[in-house]
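This report describes a few residues and one annotated region of a structure. Please look at the sequence and the model below before reading on.

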2 protein chains.
Amino acid sequence: MMIMDRLYKDAIKKGPICVGLDTTLKFLPQYLLLKDWSDGEKITAFNKKVIDATEDLAAAYKVQIACYESLGLDGLKAYSETVKYARNKNIVVIGDVKRGDISSTGDQYAKGHFTGDFEVDIMTVNAYMGEDAVSPYYSYIKDNNKGIFILQRTSNPSAVDLQNLKVQDDFIYEIMGDKIEKWGSAFRGECGFSSIGAVVGLTRPDEFAAIQKRCPHTFFLVPGYGAQGGKGEDIANILKRTRCAVVNSSRGLITGHQKAGCEDEGFAEHIRNATLAMKEDILQWL
Amino acid sequence: MMIMDRLYKDAIKKGPICVGLDTTLKFLPQYLLLKDWSDGEKITAFNKKVIDATEDLAAAYKVQIACYESLGLDGLKAYSETVKYARNKNIVVIGDVKRGDISSTGDQYAKGHFTGDFEVDIMTVNAYMGEDAVSPYYSYIKDNNKGIFILQRTSNPSAVDLQNLKVQDDFIYEIMGDKIEKWGSAFRGECGFSSIGAVVGLTRPDEFAAIQKRCPHTFFLVPGYGAQGGKGEDIANILKRTRCAVVNSSRGLITGHQKAGCEDEGFAEHIRNATLAMKEDILQWL
């Protein structure tokens, strides 16, 4: 079973929920902040509790490496321990690293994120440099059952600066989608989706629907739910046609305890509740 | 003095040479490989010797983080020690990290690479996500005298997949260049160049000349010399008009000892010679 088959099936079984571990110190409950540990150790402890509390609800965890890189080596140790902990639960782990570099340098990123300390199942990739920034992952997709999500149409306001420019009749994000379909055509699994997926935000449901029709073999990682404004009904309308996506929420979930005013060891229960609410918000429309 | 002023002046004084430390184990001389050290420690020792041997020739060092990430935490410790060592010599250090993420996530990358363990003077940035992936660096440019180089027209073959698509009369890389000029307009130093520079490869000298004319306040980090086919005469033709660039070579320099068949402690002298040869190859045309 290829990695996108696994993610596809888990998303049907558990719900299309990706829990985003964009963990920074400001999200930690007081009792953890007061521990005599390094910042990275506090964040690791937080993440492990969140994973324990949500493992039956999460089709995947997406770990945003920037939040860990910002703390230097101590932070990256927390990243390493977090992705290992989640993978040991047999849940798909997406390294949200948005790397993009070519040939021999791309090989190094592939090795760095598909083996060793930072090994994840799927990593996000930026393909501004073209296929040379994607092909270094092919051998890992083929031989090690790994996958990538390429940035296609992101959920941020200035995504339009480049992605919505028009080349003759097509938007850049459509051209990128065509390339993702083509690059992925050699890596399709039994579910019909390729191990080369795409990141498409939920902030413009009309665009997303058109993208999905145009790229029928592409599985999507969908940011933009919750804190960024995307609604459960919007993603459900896509998933009614085909179960082609997992939806990520980060801040919307991992601040669940703060919204409930909980700063003690019971914090993760509130994050579980936020995750459950997200799942129900999507599934009620399906 | 802003960071691009410093790089501009150092490039005139020392020559427009950026020494690329894309160090992997295969470049290490035998005597280092035989040491009873971790891989990261061996790479750190190599880099320090290279820096010692080239510090009077290098206007900047570019350290390719992918080569260090591939070795996990041990590799990133080597990255940290390398950038610290070079910065302590008072030479501009460019973290070739090609990060690109938005708002709060971009803030984390900015913190990660402009403070702490991985602090560099300038980092490379991928702006596929638009200005949201660039604006997180503005405060560090303004308050901490940092700079960025945004990927504009890269030197790899498949760069054309996206960068050479045409939007009406303009190539994507020209549109990106216009944006870089605009984003950088608030951060121009006494030399006339902005602290927001661009990465433009040397593989198409005609394109580069046109880009430079169109973006007169943009300072360029130029890969593609040597191993990738760029010639000294090509870059000199640009620099004759204005000293708007530093030229990077990585493999072409740090394999100098291997080309000379040297595997002992004298290896760095050959890398120095390769760096001198590159400098002369460019300066002879100026």
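A:Lys98 touches A:Gln64, A:Thr124, A:Val125, A:Asn126 and A:Leu151, and from chain B it touches B:Lys98, B:Gly100, B:Asp101 and B:Met129, leaving out residues up to four places away in sequence. Contact here means heavy atoms within 4.5 Å. The model is predicted: local features need pLDDT of at least 70, side-chain atom pairs count only at pLDDT 80 or more, and totals for chains, interfaces and linings use all residues. Residues are numbered from 1 along each chain as its sequence is written, chains are lettered from A and ligands numbered from 1 in the order in which they are written, and side-chain values use heavy atoms, with hydrogens and water left out.

A:Lys98 sits in strand 3 (residues 92-99) of chain A. Helices (H or I, at least four residues) and strands (E, at least two) are DSSP runs, numbered from the N terminus. A:Lys98 counts as buried because its relative accessibility is 7%. Buried means under 20% relative accessible area, exposed over 50%, and partly exposed in between (1.4 Å probe, protein chains only).

An unreviewed UniProt entry gives A:Lys98 the annotation "active site". UniProt also places the feature "domain: Orotidine 5'-phosphate decarboxylase", again from an unreviewed entry, at residues 16-271 of chain A. UniProt positions follow the numbering used here, feature names are shortened, and annotations may be inferred rather than shown by experiment. Over residues 16-271, chain A is 43% helix and 18% strand, and the end C-alpha atoms are 17 Å apart.

Most residues other than glycine have a negative phi. A:Ser103 is found in helix 6 (residues 103-114) of chain A, while B:Asn90 lies in the loop between helix 5 (72-88) and strand 3 (92-99) of chain B.

| Residue | Phi | Relative accessibility | Class |
|---|---|---|---|
| A:Ser103 | near 30° | 41% | partly exposed |
| B:Asn90 | near 65° | 57% | exposed |

Is B:Ser194 buried or exposed? B:Ser194 counts as buried, because its relative accessibility is 2%. This serine lies in the loop between helix 9 (172-184) and strand 8 (196-200) of chain B. The side chain of B:Ser194 reaches the backbone oxygen of B:Gly184 at 3.2 Å and the backbone nitrogen of B:Ile196 at 2.8 Å. Apart from neighbours within four places in sequence, B:Ser194 is in contact with B:Met4, B:Gly184, B:Phe187, B:Arg188 and B:His217.

Conventions
A polar contact is a pair of N or O atoms within 3.5 Å; within protein, one must be able to donate a hydrogen and the other to accept it, and residues adjacent in sequence count only if both atoms are side-chain atoms.
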